[in-house]
Amino acid sequence: MVVVTGREPDSRRPAGAMSSSDAEDDFLEPATPTATQAGHALPLLPQEFPEVVPLNIGGAHFTTRLSTLRRYEDTMLAAMFSGRHYIPTDAEGRYFIDRDGTYFGDVLNFLRSGDLPQRQRVRAVYKEAQYYAIGALLEQLENMQPLKGEKVRQAFLGLMPYYKDHLERIVEIARLRAVQRKARFAKLKVCIFKEEMPITPYECPLLSSLRFERSDSDGQLFEHHCEVDVSFGPWEAVADVYDLLHCLVTDLSAQGLMVDHQCIGVCDKHLVNHYYCKRPIYEFKITWWRRPPTLQSSPCCPGVGGLHLSKWFDPPIPGGSLEEWEDDIWGDGV
């Protein structure tokens, strides 16, 4: 069958070439799928925002001016509300950001008037400022406590690049020992020394500034590993052993662990001639969960609330404390 049209063929067009009408048809075809074609595809046209913007940040509602969100051009909020990106809205027409909105008010207050959060909210607001890439807020928060002090602390810990690995090792050893013994806590030995300090029996072991000038070959005679689980040191800084102990307790407590420690002596290993190690050794007690207050004390059994443990154990628990009894049973946890 032959179809006759009103358009005469163009004899000057090479075979297989595209006509202008064909090219126009192809040009009009969208390069990206439309919302109808691709279900959840984003709109092709720039999104326009009102001067007063209602927000839904993870379920928390806020209202602010568009100029406030665009105050700093190089932030994520300015980019989101620039019109180049599509922001979904909730059933009430509020622009939705899938982020916890607990501290978004502090972010808005800074964008509005430069207000900074209270000290106890600084860390949390800092995380929000990182997420929204607000450099001006980040800079000011870093000069506030506790972040300013944390920068100093990290500068000290930077002298020990193995610090995080050894901290994780403490947690892992404590976990394995607690699981193995089915105990509420575990103990391990940690050696912390600021500088190498081999001494003779005639020298005072408390002189932390004692140094020995020796060659590399002589230094090998003093190298050894104390019989402990984890070691920290040496380092060169004003911060001392007690500062590192505080860092360890702080970082372990931040993981939800209860930490107790005490110095149980020094490494007394003989090195060479009359020299001994004398590095201080600390016992760390890592407790994995806390007993309820009702189990702390009781008139029927000291140290235990309302439980007649004497009926369960023969002989009865020695001493007057369940804590002391646990220590006697499990020992040093090694």
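Two strands count as paired where DSSP finds at least two bridges between them, and helices (H or I, at least four residues) and strands (E, at least two) are DSSP runs numbered from the N terminus. On that basis, an open sheet of four strands with mixed pairing has the order β5-β4-β9-β6. The structure is a predicted model, in which local features need pLDDT of at least 70 and side-chain atom pairs count only at pLDDT 80 or more, while totals for chains, interfaces and linings use all residues. Residues are numbered from 1 along each chain as its sequence is written, and side-chain values use heavy atoms, with hydrogens and water left out.

**The chain as a whole**

- The protein chain has eleven helices and nine strands, and 35% of its 334 residues count as buried, where buried means under 20% relative accessible area, exposed means over 50% and partly exposed lies in between (1.4 Å probe, protein chains only).
- With contact taken as heavy atoms within 4.5 Å, residues 24 or more positions apart account for 62% of the contacts in the protein chain that have a separation of 6 or more.

- Strand β4 (residues 185-192) pairs with β5 in the parallel sense over three bridges, and isoleucine 192 stands opposite phenylalanine 232 in β5.

**Helices packed on the sheet**

- Axes here are lines fitted to C-alpha atoms, for helices over the stretch in contact, and angles run from 0 to 180 degrees between N-to-C directions.
- Helix α8 (residues 163-181) lies across β4, β5 and β9 (280-287) and runs at about 150 degrees to β4, whereas helix α10 (residues 241-253) lies across β4, β5, β6 and β9 and runs at about 15 degrees to β9.
- The axes of α8 and α10 come within 11 Å and cross at roughly 60 degrees, which makes α8 oblique to α10, since angles under 35 degrees count as roughly parallel, over 145 as roughly antiparallel, 65 to 115 as roughly perpendicular and the rest as oblique.
- The crossing of α8 and α10 is right-handed; a crossing is called right-handed if the near helix is turned clockwise from the far one by less than a right angle, and left-handed if anticlockwise.
- From α8, Tyr163, Leu167, Ile170 and Val171 meet Leu244, Cys247, Leu248, Asp251 and Leu252 of α10.
- By class, that contact of α8 with α10 has eight nonpolar, no polar and one charged residues, with Ala, Val, Leu, Ile, Met, Phe, Trp, Tyr, Cys and Pro counted as nonpolar, Asp, Glu, Lys and Arg as charged, and the others, Gly among them, as polar.
- Aspartate 243, also found in helix α10, counts as partly exposed at 35% relative accessibility, and its C-alpha atom is separated by 9.4 Å from that of phenylalanine 156, 87 residues apart along the chain.

- Strands β1 (52-57) and β2 (60-65) pair in the antiparallel sense over six bridges, and alanine 60 in β2 is the bridge partner of isoleucine 57.
- The hairpin of β1 and β2 has two residues between the strands, and glycine 58 takes a positive phi near 60 degrees there.
- β1 also pairs with strand β3 (residues 95-97), in the parallel sense and over three bridges, with leucine 55 opposite tyrosine 95 in β3.
- In helix α4 (residues 104-113), Phe104, Asp106, Val107, Leu108, Phe110 and Leu111 are buried, and what covers them includes β1, β2, α2 (66-69), α3 (76-80), α5 and α6.
- Just after α4, glycine 114 takes a positive phi of about 80 degrees.

**Backbone features in the loops**

- The peptide bond from glutamine 145 to proline 146 is cis, with omega near 5 degrees, and proline 146 is found in the loop between α6 (135-141) and α7 (147-157).
- A cis peptide bond also joins glycine 233 and proline 234, with omega about 0 degrees, and proline 234 has its place in the loop between β5 and α10.
- Alanine 133, in the loop between α5 (122-131) and α6, has a positive phi of about 55 degrees although it is not a glycine, and it counts as partly exposed at 35% relative accessibility.
- Lysine 182, in the loop between α8 and β4, likewise has a positive phi, near 55 degrees, in a residue other than glycine, and lysine 182 is exposed, with a relative accessible area of 67%.
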